[in-house]
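Welcome! Open your viewer, get ready to select residues by number, and follow along stop by stop.

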Amino acid sequence: MSPWLTIVGIGEDGFSGLGKTARRALLSAGTVIGGQRQLDLLPACIRGQRQTWPSPFSLAPVLAMRGEPVCVLASGDPMLFGVGASLARLVPSDEMQVLSAPSSFSLAAARLGWALQDVVTLSVVARPVAALNAHLHSGVRLLVLSNDGSSPAIIAAMLREQGFGPSRLTVLEHLGGPLERRVEACANAWSDPPIAALNLIAIECQADASTQPLSRGGLPDSAFKHDGQLTKRDVRAITLARLAPLPGQLLWDVGAGSGSIGIEWMRTWPSCRTLAIEADAGRQQLIEHNRDALGVPGLQLIRGKAPQALAGLERPDAIFIGGGVTREGVLDTCWQQLKPGGRLVANAVTLQSEMLLMSWRERHGGELTRVHIAQAQPLGEFDTWRQALPITLLDMTKPLDA
């Protein structure tokens, strides 16, 4: 089938800024679908029926006209946080063509003199603003698509709360059009001026002198709020190395405690996902706080006790059991639900849980490792080693034919 669907990226300069191919597609389309702001940029010579997106948003109107000449309007590059990416998951590539305009990111980088390949590009359009927290490091430059005119003030407040008040914000309105404007200030001095709904925020991240830098892996224990149920930093780093997160993979964090393993799993790759299973109400609140504060609001909290709470969940690529390993049925259920080729890591502190892991290894294989960690602490006028409780770690990979 020849392409029946054309997705046209249009900028603030409207129809006059389009190339010949995009203009011809719009002139010959029986239907043009887009947001009202984008449809208003078209001249009267476009005769096709104009439709705005339904509310709540749905791609159904486009898919219902399969085979007819349809144009969809999108802002800038339709494949960059745009409707083109959504349609591409549903429409075969040989049935559609995408005609991109410069993205807001490209225009912003050009205005600011920033090399786009060195910039982190993000969107908070219908997405949690807390996701930005994962990218806050001194010296990093962020370009952020705003949800609306309130986004700059919300982000400025978040930067101050996270210790990045000195960060420089440049808000660029109506990029590429006659109403283009910029507003600049540091987060500490942001006065919440009126901002157009169509804007992009450029952030030059700068931390306060007292702000502790957070690495991608092995976060300090102080980065988490917890009640003592926390996989400590060094053990956490070893555990994550055994879990070996890969892009797009799903982790079950069973007995999640404060959520540290699942949070660090998601911070490793932006596309990694976590289901954190936790029965204690107080710890559930800690997980919700930590996931937002550390920039992974997409972490999904499952409120309940394993193994009952595991029923019906999406099968994982990896499982970490940090609590409840001695509870009847937990190990069996986790092993059964783990995808072939997946990794299971379980940590034990008590003799009873260690004995269970040893028995499990005798029946199913795997590798047992005992981790001893000691820290130098004062003893009178001298220092001595203070031994933490040893951790027994079971690491196993499920056979592909299992």
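**Stop one: two helices in contact**

Begin by selecting Arg 236, Thr 239, Leu 240 and Leu 243 in H7, together with Ser 260, Ile 261, Glu 264 and Trp 265 in H8, where these two helices meet. Contact here means heavy atoms within 4.5 Å. By class, this contact of H7 with H8 holds 4 nonpolar, 2 polar and 2 charged residues. Ala, Val, Leu, Ile, Met, Phe, Trp, Tyr, Cys and Pro count as nonpolar, Asp, Glu, Lys and Arg as charged, and the others, Gly among them, as polar.

A word on what you are viewing: this is a predicted model, in which local features need pLDDT of at least 70 and side-chain atom pairs count only at pLDDT 80 or more, while totals for chains, interfaces and linings use all residues. Residues are numbered from 1 along each chain as its sequence is written, and side-chain values use heavy atoms, with hydrogens and water left out.

Now show H7 and H8 (residues 260-268) as cartoons: they pack at an angle of about 55°, with axes 11 Å apart. Axes are lines fitted to C-alpha atoms, for helices over the stretch in contact, and angles run from 0 to 180 degrees between N-to-C directions. Helices (H or I, at least four residues) and strands (E, at least two) are DSSP runs, numbered from the N terminus.

**Stop two: Arg 236 and its partner**

Which residue forms a salt bridge with Arg 236? Select Asp 221: the closest N and O atoms of the pair are 2.7 Å apart. A salt bridge is a side-chain nitrogen of Lys or Arg within 4 Å of a carboxyl oxygen of Asp or Glu. Arg 236 sits in helix H7 (residues 233-243), and Asp 221 in the loop between strand S10 (199-204) and H7. Arg 236 is buried, at 0% relative accessible area, whereas Asp 221 is partly exposed at 24%. Buried means under 20% relative accessible area, exposed over 50%, and partly exposed in between (1.4 Å probe, protein chains only).

**Stop three: two more pairs**

Select Arg 283 and Asp 227, whose side chains meet in a salt bridge (2.9 Å, N to O). Arg 283 lies in helix H9 (residues 281-293) and Asp 227 in the loop between S10 and H7, so the pair ties together parts 56 residues apart in sequence.

Finish with Arg 111 and Glu 180, joined by a salt bridge at 2.7 Å, N to O. Over the whole structure, a search finds 14 salt bridges.
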